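Hi everyone, thanks for coming.

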Amino acid sequence: MTFPLEFGMDTFGDRTSDDDGRWTTHAQTIRDVVEQGVLADQVGVDFIGIGEHHTDDFPLSAADVVLSAIAARTTRIRLGSAVTVLSSDDPVRVFQRYSTLNAVSGGRAEVILGRGSSVDSFPLFGYDLADYEDLFEEKTNLFAELLKGGPVTWEGKTRPALHDQDVVPHTESGPFPTWIGVGGSPQSVVRAAHYGFSLMLAIIGGNPARFAPFSELFQQALERFGRDPLPVGVHAPGHVAATDEQAQEQFWPRYLETITRFSEIRGFAVPTEASFRQEVGPHGALYVGAPETVAQKIATNLTTLKANRFDLKYGMPGLAQSALMTNVELYGTQVVPRVRELLSASTAPRIS
C-alpha cells in the first residue's frame, strides 16, 4: 500500500524577534505563529503543527487554541499538535480539545502524541518523572479507547475510571488522524503499531538513515498485530532562505545559543561550527539551506526511511518574524514542489 506524499511544518512557538534583534513578547510570538500558519495555507503546505512547551523561549502552552485561530482564517491546511505531551495531560481533555478543533476546522485536526523530550510540564502539573513510562503507556491506552467513539469504560492507575461514559463532542466522520512521535525507542515504534497510530520519526541529530530500521519494525509490527500498513512521517529541524549561506548565517547563532542552554538541562553536546556543518551536510539531521539544498535532502531521506510525509520543524528562539515568513514561503512555493518533482522520477535522488 502506498500513501500520498505530504509536507508539513512544525513549530514549537519559538519566541520571535523584530528585524533589529529585539525579542518580542509572548503575546506577539503567538500572533506571529498564527500569521505563519495562515501563510503556510496560502503557499500550499499540507499541515501546520504546534508543539507543546512551557518555557520563556517556547511560550506555546495551549496549541489547540492557537490552531483554532489559524483554522478560522484558513480553508485547506490540516492542523495538529507536534507534539502533545500526553504523559502530563488528561487524555479525555486532549480528545475533547482536538475533537473541538476538528469541528471548528471542518475535519482538519490531527494529533501527534509523545512522551515529551522536554519535561517542563511534569513539575508544572504535578507529575513525577519516575512515572514517565507508565504514564504514557496508560494514557495512550485510554486515548485509543476514546478515539473509537461511543461510551467508554476504562480503568487504570493514573486517573479516575470511566464507566459507560459518553465523551463529547463526537466527531462527524470517524477518528481524527493520530500519530506517535518517536525519538529513538523501538518500544515506542511497537506501541504505535499496537494502537493503530501512524509513526512520526523525530530526528533531531545524527544521520537520518539510522532510523530506517524503525520504519521496517513499524510495518512488521503492524502485520503482526493484524493491522493494515500506516503512514510514516519524518519531523526534523531546519531553516530555508534564499541561499545556503544566508540560511546558515540566520540559523547558526540561534541554534548554538539554544542547544547550549539545553545542554545544561538535557545533557546535549554543545555544538561547534564543525559539528553544525556536519548536521547541515548530506548525512546530518538539519535541513538548513537554499530551497534546492533542502529539497534534495528531503527527497533522499524520505526514500531512505520509506516515509511519505516530511514535517520541517522551522524556527529557533530569536529568529526574526520576517525570516520565518520567508522560510514558510520558500518551503511551500519552492521546496515542496521540487521534492515532488524529484520523487516523481523513476529513481529517487541520492546524496553522496
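Predicted model: local features only at pLDDT ≥ 70, side-chain atom pairs only at ≥ 80, totals over all residues.

Residues are numbered from 1 along each chain as its sequence is written, and side-chain values use heavy atoms, with hydrogens and water left out.

Let's start with the helices. Two packed helices are described by the angle between their axes and the distance between the axes. Helices (H or I, at least four residues) and strands (E, at least two) are DSSP runs, numbered from the N terminus. Axes are lines fitted to C-alpha atoms, for helices over the stretch in contact, with angles from 0 to 180 degrees between N-to-C directions.

Please find helix 1, residues 26–42. Its axis and that of helix 2 come within 9 Å and cross at roughly 45°. That makes helix 1 oblique to helix 2; angles under 35 degrees count as roughly parallel, over 145 as roughly antiparallel, 65 to 115 as roughly perpendicular and the rest as oblique. In this contact (heavy atoms within 4.5 Å), I30, V33, V34, G37 and V38 of helix 1 meet V66, A69 and I70 of helix 2. Seven of these residues are nonpolar, one is polar and none is charged. For those classes, Ala, Val, Leu, Ile, Met, Phe, Trp, Tyr, Cys and Pro count as nonpolar, Asp, Glu, Lys and Arg as charged, and the others, Gly among them, as polar.

Helix 1 has another partner, helix 11 (residues 321–344), with axes that come within 9 Å and cross at roughly 20°. Helix 1 and helix 11 are therefore roughly parallel. Here D32, E35, Q36, L39 and A40 in helix 1 meet Q321, L324, M325, V328 and E329 in helix 11. The classes are five nonpolar, two polar and three charged.

Now back to helix 2, residues 63–72, and on to helix 3, residues 91–104. How do their axes cross? They come within 10 Å, at roughly 5°, so helix 2 and helix 3 are roughly parallel to each other. A63, D64, L67, S68 and A71 of helix 2 touch R97, Y98, L101 and V104 of helix 3.

On a 1 Å grid over the protein atoms alone, a cavity is a set of points where a 1.4 Å probe fits but cannot get out, and a pocket is an open set with protein on both sides within 12 Å along at least five of seven lines; lining residues have an atom within 4 Å of a point. Grid points are joined across faces, edges and corners, and a volume is the space filled by probe spheres set on the points.

There is one cavity of 30 Å³ or more. Its lining is T11, G13, D14, T16, V33, Q36, Y314, G315 and L324.

The second largest pocket holds about 350 Å³. Among its 20 lining residues, L147, F176, T178, G196 and F197 lie nearest the centre. Which helix gives the most to this lining? Helix 5 does, with three residues.

Finally, the backbone. The peptide bond from V168 to P169 is cis, with omega near 5°, and P169 sits in the loop between strand 7 and strand 8. D164, in strand 7, has a positive phi of about 50° although it is not a glycine.
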